[in-house]
Every structure is written in C-alpha cells, then in structure tokens.
Amino acid sequence: MSTANTPTLLPPPERHAVLRVMPMPSDANIHGDVFGGWIMAQVDIAGSIPAARRAAGRVATIAVNAFTFKQPVFVGDLLSFYAEILKVGTTSVTVSVEVYAERQRLELEVVKVTEAVLTYVATDNQRKRRPLPPV
Ligand SMILES: CC(C)(COP(=O)(O)OP(=O)(O)OC[C@H]1O[C@@H](n2cnc3c(N)ncnc32)[C@H](O)[C@@H]1OP(=O)(O)O)[C@@H](O)C(=O)NCCC(=O)NCCS
C-alpha cells in the first residue's frame with residue numbers, strides 16, 4: 001500500500017474508483033470537517049464491493065484490521081475510493097481501500113486522505129459463513 005499523500009492534480013490514472021461521493025454539510029461538524037465515522041462507513045461500502053463480487057453474493061464485515069486518517073476531509077471534497085483484494089481465505093476476503101480527495105483550496109489538488117484494510121466473510125441467507133466459490 002502506498003503511503004504517499006503529496007497533493008497532485010489527478011487521482012491515480014491507472015486505477016478505477018469503486019465509489020465516488022461528495023460529503024455534505026450534514027456529514028460534518030460546525031467547522032466543515034467531515035466526521036471520521038462517516039468516512040469509515042463509506043470505506044466499508046467501498047471495500048465490500050470487490051469482496052461481494054469475489055464472494056458472488058452476500059458478505060459481512062468481520063474486521064477492520066487497519067485504518068488511518070492521513071489528511072482531513074472537508075465538505076465539498078470529491079472523494080474517490082480505490083479497493084483491491086489483498087488476500088482470499090476459505091470464507092474471507094481481505095481488501096485494502098485507499099481514499100483520495102479532489103478539492104479546491106488555494107488551487108485544485110488531489111490528496112490521499114485515508115487508507116484502510118478490512119476483512120469480509122461470505123455469508124448465506126441465515127447469516128452463517130459459507131465457503132467462497134471457486135474462481
Ligand atoms: C461473519 C460471521 C458470520 C463469521 O462467523 P464466525 O463463526 O465468527 O467466523 P470464523 O471465526 O470462522 O471466521 C471466518 C473467517 O474470518 C476470519 N476472521 C475472523 N476474525 C478475524 C479478524 N479479527 N481479522 C481478520 N479475519 C478474521 C477467519 O480467519 C475466517 O477466515 P477464513 O475462513 O478465510 O479462514 C460472524 O462473525 C458474524 O456474523 N459477525 C458479525 C458481522 C456483522 O454484522 N458485521 C457488520 C458490523 S455490525
């Protein structure tokens with residue numbers, strides 16, 4: 001996982017964002033800083049996308065293995081979420097999620113704001129774990 005968070009003008013061009021979303025005033029405190037819990041919820045959704053694809057169905061988040069808020073997020077930032085599978089087990093899929101914010105401060109900049117690693121478990125209709133299907 002890259003640790004670079006130097007501002008640039010564009011998100012990583014070679015990668016496809018699984019999710020893009022813009023926080024609104026209701027997602028922030030009175031100073032316009034977005035709540036960490038709101039970002040965590042979006043990261044959970046973003047990570048579940050490749051996990052559910054690999055599981056070919058329902059998944060549940062079993063663990064947030066790592067989570068770092070590297071830079072603040074502000075109301076009006078355009079957030080792009082990049083998620084990739086790091087590890088596949090018998091029932092679990094571990095995913096890394098990186099979040100970039102595109103924003104207009106003094107000038108347009110793109111900065112990595114968050115990185116996280118989450119584990120999802122494939123579940124059945126009774127919410128019990130189930131083996132991942134073969135690829
Ligand atoms: C998901 C759930 C059905 C799994 O059932 P379980 O009996 O606890 O599952 P296990 O302990 O056998 O673990 C299942 C897999 O998760 C992995 N796992 C368990 N704890 C983990 C942890 N802390 N970190 C990473 N992986 C973990 C296991 O290694 C196993 O992987 P594998 O099958 O690929 O080897 C159950 O834990 C559950 O319902 N949890 C609540 C999920 C939820 O509601 N999430 C939303 C948050 S409110």
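Let's start with the largest nonpolar core, which has 25 residues. By nonpolar core I mean a set of buried Ala, Val, Leu, Ile, Met, Phe, Trp, Tyr and Cys residues joined through C-beta atoms within 7 Å. Buried, in turn, means that 20 or more other C-beta atoms lie within 10 Å of a residue's own, while exposed means 12 or fewer and partly exposed falls in between, with C-beta atoms placed from the backbone. The residues with the most contacts inside this core are V43, F81, V95, V97, V99 and Y120. Two or more core residues come from each of α1 (36-55), β3, β4 and β5, and β5 gives the most, with 7 residues. Those element names follow DSSP runs numbered from the N terminus, where helices are H or I of at least four residues and strands are E of at least two.

Before I go on, please keep in mind that this is a predicted model: local features need pLDDT of at least 70, side-chain atom pairs count only at pLDDT 80 or more, and totals for chains, interfaces and linings use all residues. Residues are numbered from 1 along each chain as its sequence is written.

Back to the core, then. What does F81 touch? Leaving out residues up to four places away in sequence, F81 touches A17, V18, L19, Q42, V43, A46, V97 and V99. Contact here means that two C-beta atoms, placed from the backbone, lie within 7 Å. As a general point, nonpolar side chains tend to be buried together in soluble globular proteins. Now look at β5: 11 of its 15 residues are buried, so β5 is largely enclosed by the rest of the structure.

How is the chain laid out? The protein has 1 helix and 5 strands, running β-α-β-β-β-β from the N terminus on. Its radius of gyration is 16 Å, close to the 14 Å that the globule rule gives for 135 residues, so the protein is as compact as a globular protein of that length. That radius is taken over C-alpha atoms, and the rule is 2.2 Å times the number of residues to the power 0.38. Buried residues make up 28% of the 135 residues. Among contacts between residues at least 6 apart in sequence, 73% join residues at least 24 apart.

Now the strand pairing, where two strands pair if DSSP finds at least two bridges between them. Strand β1 (residues 19-21) runs antiparallel to β3 (residues 78-88), with 3 bridges joining them, and R20 stands opposite S80 in β3. Next, β3 pairs with β4 (residues 92-104) in the antiparallel sense over 10 bridges, with E84 partnered by S96 in β4. A hairpin of 3 residues joins β3 to β4. Moving along, β4 and β5 are antiparallel over 13 bridges, and they too form a hairpin, with 3 residues between them. S92 has V121 in β5 as its bridge partner. Finally, β2 and β5 run antiparallel, joined by 9 bridges, and V59 stands opposite A122 in β5.
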